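Colleague: I am new to this one. Could you walk me through it with a few questions and answers?

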Amino acid sequence: MVDKGDRRVYEKTILDSFVEDFVNVLDKYCKYIIVSGFVAIAHGRSRGTEDVDMIIEKFDFEKFKKLHEELEKNNFECIQSPRAEVVYEYLIKKDSVRYIRKGTFVPEMEVKFSKDELDEMQLATRKKLEFTGMDVFFSSVEMNIAFKEELLKSDKDMEDAKHLRIIYKDKIDENLINDIKRMIRKLRLNER
Amino acid sequence: MRDKTHSEQVERWAEFCRDNPQKWKSELKPLIDSQIIIAERFYKNLESSKEGREILLRLKNSL
């Protein structure tokens, strides 16, 4: 980290720069959030990843075509297809699409459209998280903990959640986490 | 399931990050960057042979 007066400038990782460059284009077109593993990694979790998960609000094809073309102009390409209409079809069918920097294999930005009330809630409550030193929107810490503990549940996810719980010790809203977990059970696990 | 010492290390590192907000990123950067660089090198090597390209194609299609 370099200290420039009152402004802390962090040395960026390859993942940080990749995310910020992608978001600089995307931000002009739609609301987005970074979710899951990279949220923990951006808070210092010491593990690798090749992809960054992102949810974006749903929008029409004309707008998407412009976004896709601008991403291409900015040195990104979509693995699924160079054709915007093909990529949009994936998104509409609730599949994710993956963008990489041209001529590379990793990292990948895995993008999907918001698919339900929970995703809409994540977008509505998105946050910039100062601790990360990054100027991008993340889904809230409570959302990430709830998803990892209630839905994803792998060793890696449970450790991500533990890491976030320690970073934000005494700042986490446990009632909110429990409310989100209830919504996950209802909307994603089909429990009543 | 990972063992107890692994879990303890996760906790110790998270506490270090929390208590050293100006230090953790420079400590972590080599790990994050090297993983991406090594993965990129691996995929590029794979791409250099016919068999490797077929494996890559299968990998991409399974995503």
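This is a predicted model: local features need pLDDT of at least 70, side-chain atom pairs count only at pLDDT 80 or more; totals for chains, interfaces and linings use all residues.

Colleague: At what angle do helix α3 and helix α4 of chain A pack?

Modeller: Helix α3 covers residues 61–73 of chain A, and helix α4 covers residues 84–92. From α3(A), the contact uses Phe61(A), Phe64(A), Lys65(A), His68(A) and Glu69(A), while α4(A) brings Ala84(A), Val87(A) and Tyr88(A). By class, 5 of these residues are nonpolar, 1 is polar and 2 are charged. The axes lie 10 Å apart, and the packing angle is about 120°.

Colleague: Is Lys94(A) buried or exposed?

Modeller: You will find Lys94(A) in the loop between α4 and β6 of chain A. Its phi is near 70°, a positive value in a residue other than glycine. Lys94(A) has 11, so the label is exposed.

Colleague: Which peptide bond is cis?

Modeller: Look at the loop between β6 (97–101) and β7 (108–113) of chain A, where Pro107(A) is placed. Omega there is near -5° for the bond from Val106(A) to Pro107(A).

Colleague: How many residues does the largest nonpolar core have?

Modeller: Among the residues with the most contacts inside this core are Leu15(A), Phe38(A) and Tyr99(A). Leaving aside residues up to four places away in sequence, Tyr99(A) touches Phe22(A), Leu71(A) and Val111(A), among others. The count for the largest core is 55 residues.

Colleague: Which helix gives the largest share of the side of chain A that touches chain B?

Modeller: The contact takes 28 residues from chain A and 26 from chain B. On the side of chain A, α1 (14–26) and α7 (155–167) each supply at least two residues. With 6 residues, the largest share comes from α7(A).

Colleague: Which element of chain B has the lowest mean pLDDT?

Modeller: The mean pLDDT of chain B is 91, and 95% of its residues reach 70 or more. Helix α2 of chain B has the highest mean among the elements, 95. The lowest, 85, belongs to helix α3 (residues 50–61) of chain B.

How values were computed. Residues are numbered from 1 along each chain as its sequence is written. Chains are lettered from A and ligands numbered from 1 in the order in which they are written. pLDDT is the predictor's confidence in each residue, from 0 to 100. Helices (H or I, at least four residues) and strands (E, at least two) are DSSP runs, numbered from the N terminus. Two residues are in contact if their C-beta atoms, placed from the backbone, lie within 7 Å. A nonpolar core is a set of buried Ala, Val, Leu, Ile, Met, Phe, Trp, Tyr and Cys residues joined through C-beta atoms within 7 Å. A residue is buried if 20 or more other C-beta atoms lie within 10 Å of its own, exposed if 12 or fewer, and partly exposed in between; C-beta atoms are placed from the backbone. Axes are lines fitted to C-alpha atoms, for helices over the stretch in contact, and angles run from 0 to 180 degrees between N-to-C directions. Ala, Val, Leu, Ile, Met, Phe, Trp, Tyr, Cys and Pro count as nonpolar, Asp, Glu, Lys and Arg as charged, and the others, Gly among them, as polar.
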